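I opened the notebook to look up a few things in one structure. The entries follow in the order I made them.

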Amino acid sequence: MISRKRISKKVQDALKIVTDILRKYLIALSPDQRRMMLKMGDGSEPFVIKVLDYVKSNPQFLPAVLSAEEMDKDWKAINQLVPILRIIDQLASNLSDTIMEAGSELYKACLGYYKGVEIGAVMNYPDAKPISEDLGKRFVGQGRRRKPPGDS
């Protein structure tokens, strides 16, 4: 059986390879750049495809400051990167959901332990009071909370 630590290392190594392959093609935008940038969404894609076709068949209308070759490069980059992004988005979503589920289960178990320590402190069990006080720092100033749906 392969250990989780070994699987994690293998995945990290594989992702490093993917990152190294893509690094020379990728850029990073600042939040301001992203906000100010004109964005091509799914609704714009048919328009872009038509324009690219017209640029090839009727290049006389292409302003001199624009380059059909650069437009074609951008289109090829989009077509090569979007399928990769979709896979990564799915992976990221599933990783996020898995981490959320594991975190929820762990936090619920930790709250169960804390409840046991609180009961132990009330019953004057040795060591319970300092543990309860230490763990209780997490909840200072929060007051009583409603239980999440499904908890009894």
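How many nonpolar, polar and charged residues are in the lining of the largest pocket? I found 18 nonpolar, three polar and seven charged residues there. Ala, Val, Leu, Ile, Met, Phe, Trp, Tyr, Cys and Pro count as nonpolar, Asp, Glu, Lys and Arg as charged, and the others, Gly among them, as polar.

I noted that this is a predicted model, where local features need pLDDT of at least 70, side-chain atom pairs count only at pLDDT 80 or more, and totals for chains, interfaces and linings use all residues. Residues are numbered from 1 along each chain as its sequence is written, and side-chain values use heavy atoms, with hydrogens and water left out.

Pocket. I read a space of about 1300 Å³ in the largest pocket. A pocket is an open set of points on a 1 Å grid over the protein atoms alone, where a 1.4 Å probe fits, with protein on both sides within 12 Å along at least five of seven lines; lining residues have an atom within 4 Å of a point. The volume is the space filled by probe spheres set on the points, which are joined across faces, edges and corners. Of the 28 lining residues, Ala-77, Ile-78, Leu-81, Val-82 and Leu-85 lie nearest the centre. Helix α4 gives the most to the lining, with 14 residues.

Fold. I listed five helices and zero strands; helices are DSSP runs (H or I, at least four residues), strands likewise (E, at least two), numbered from the N terminus.

Helix contact. Among the residues of α3 that meet α4 are Val-48 and Leu-52, and Trp-75 is one of those on the α4 side; contact means heavy atoms within 4.5 Å. I sorted the residues of this contact into eight nonpolar, no polar and three charged.

Extent. The C-alpha trace spans about 90 × 40 × 30 Å along its principal axes.
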